[in-house]
Amino acid sequence: MTTASEDESAPSRIDEEDESLKLESDVELLKRAWQNEKGAPEILEYQSALVRRTSQQIHLMEDLIEELTKRGDDPLIVSIYQMDLDRTQFLLRSYLRIRLQKIEAAMLHVAKTDLWNRLSRQEHNFAQRCIEDMGSHMDESVLSKLPSGYQSNLKQSNASDEDDMVPEPNLNTFVFCKRQNSIGAIPLDDSGDEIVDLVAGTHVCFSYIFGLLLHVCALFSKPEDGGHC
Amino acid sequence: MEQGEMYGRRGCQLVKELASAEPGQLTRFNDDLFNQVIKECNVHYSQFYELTRKMQEEGLDVQSTRNADHFGMLIHHLSLLRNKRCLMAYMYKRADILRSLSWKVGRVLPPEIEGKLSDIEKHYFKNHASTLQFYMREMDCLDLTVDMVPPKDPYIKVRVLEDIGVTAIGDKDTNLARHSIHFLKCTDAEPYIRQGMMEELLG
């Protein structure tokens, strides 16, 4: 994994070369977080430090561009900085947007499971409001008009043992992954006839839930390897 | 329900209407059919209740007896559930489309879409748009409804299609008169392009 910038405090002077180096490594991290979020069917852990650093760096870049424009610097250089800034802003916006859309699609499921712990504070508020909006929408349009015992948003009726009306994301969707560290040979079935050799740098495609299983096995079998898609 | 009318047929029609629409497009809210399904649910319930009363009057244990009346009750219960699921699916799928619309058009619905919604749906759209606004404000006013595609050029050439008038673009005022051509930042032009008030000039 690329090492992230450890400096969390905002620099007092804009050191242009330093800044653009830091921006690069954080942008790579953000790009990876964005790719993972895009590909995974369920919501992943919120990268709060990364988002905070990226926002700070975006503000600094905006100030820098303004300063350079005022100074009348070479417009080509300014537009290159601007394009870099636009790319980073797109990544950040898209990352947050994908997460919100995942929350919208499975709001009740997220609220009921461990997935809730992967959300930021602002996402918690968003999810809460989404659930209230949807709840009152269903109540007003359908549930209040149905007979008593059938008015639950979560259960089909009072006869249901569990919340059988909560949609869940499909964890069997296939994802493409790139190995970062080698795990070695993994058997695909019980007989051991079919194996897959997971070497660093290779691309593989399997169902998301199988990938999660491999990740857990890797953590337990070779603790120093770790690594993830 | 009329004699010989199949249970759940109307609920099925409602869902078919959803399925036959273009993906992402809304049809006019079918008030009539919707209310008929609700009415059917309540008829099922009252017939279910009648059968319960009948069994109790006959001195039978409602929970454990397995006679024709019990199975009649089961059919009413299951039909009710099916109708409930159809109604919820109809509302939920339409709400889904409304939510994805609020990402595209912001807080103001185009009139041709507004005409297809029930009052309750219009209310839901407003609520959701303000929930989204609330989140964006909490995130330091970061606008998440722009920048929907990866940026190619930071600036684009646009022609104004409708008379928008003098508007603050960035930190200066620009006269967005009809047919005028401007060189704007992508993120400034995007909301206007999406609402059809500007078009991008390529080449």
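These are my notebook entries on a predicted model with chains A and B.

**Entry: chain A overall**

I began with chain A and its layout. I find 6 helices and 4 strands there. Reading from the N terminus, the order of elements is α-α-α-α-α-β-β-β-β-α. Chain A has 229 residues, and 41% of them are buried. I also looked up how far apart contacting residues sit in the sequence. Taking contacts in chain A between residues at least 6 apart, 59% join residues at least 24 apart. The accessible surface of chain A is about 12600 Å², and carbon and sulfur atoms hold 52% of that.

**Entry: where the chains meet**

Next I went to the contact between the two chains. Chain A puts in 46 residues and chain B puts in 44. Together they bury about 4200 Å², with 65% of that area coming from carbon and sulfur atoms. On the chain B side, the residues that lose the most area to chain A are B:Lys84, B:Met88 and B:Tyr135, which together make 15% of what that side buries.

How many salt bridges are there between chain B and chain A? I get 1. The partners are A:Arg121 and B:Glu138, with their closest N and O atoms 3.6 Å apart.

**Entry: salt bridges inside the chains**

Over all chains the structure holds 21 salt bridges. I looked at a few of them.

In chain A, A:Lys102 pairs with A:Glu37 at 2.9 Å, N to O. This pair links distant parts of the chain, as A:Lys102 is in helix H3 (residues 75-105) and A:Glu37 is in helix H1 (residues 16-39), 65 residues apart. Buried or exposed? I find both A:Lys102 and A:Glu37 buried.

Also in chain A, A:Arg87 and A:Asp84 form a salt bridge at 3.1 Å, N to O. They are 3 residues apart in helix H3 of chain A, so about one helical turn separates them. I have A:Arg87 down as partly exposed, because its relative accessibility is 47%. A:Asp84 is partly exposed too, at 22%.

B:Asp96 is partly exposed at 32% relative accessibility, whereas B:Arg99 is buried at 2%. Back in chain A, shared partners tie A:Glu37, A:Arg99, A:Lys102 and A:Glu123 into one salt-bridge network.

**Entry: a nonpolar patch on chain B**

Which residues make the nonpolar surface patch of about 270 Å²? I find B:Phe71, B:Leu74 and B:Leu78. B:Leu78 belongs to helix H3 (residues 68-105) of chain B. It counts as partly exposed because its relative accessibility is 48%.

**Entry: two positive phi values**

Last, I looked up backbone angles in chain B. B:Asp140 is not a glycine, yet its phi is positive, near 65 degrees. I place B:Asp140 in the loop between H5 and strand S1 (155-160). At 61% relative accessibility, B:Asp140 counts as exposed.

B:His179 is not a glycine either, and its phi is about 75 degrees. Its loop runs between strand S3 (172-176) and strand S4 (181-185) of chain B. I marked B:His179 as exposed, because its relative accessibility is 55%.

Terms used:
Residues are numbered from 1 along each chain as its sequence is written. Chains are lettered from A and ligands numbered from 1 in the order in which they are written. This is a predicted model: local features need pLDDT of at least 70, side-chain atom pairs count only at pLDDT 80 or more; totals for chains, interfaces and linings use all residues. Side-chain values use heavy atoms; hydrogens and water are left out. Patches are made of residues with over 30% relative accessible area and no salt bridge: like charges are joined within 9 Å, nonpolar side chains (Val, Leu, Ile, Met, Phe, Trp, Tyr) within 5 Å. Accessible areas come from the Shrake-Rupley method with a 1.4 Å probe; for residues, only the protein chains shown count as cover. A salt bridge is a side-chain nitrogen of Lys or Arg within 4 Å of a carboxyl oxygen of Asp or Glu. Buried means under 20% relative accessible area, exposed over 50%, partly exposed in between (1.4 Å probe, protein chains only). Contact means heavy atoms within 4.5 Å. Buried area is the accessible area (1.4 Å probe) that two parts lose on being put together, summed over both.
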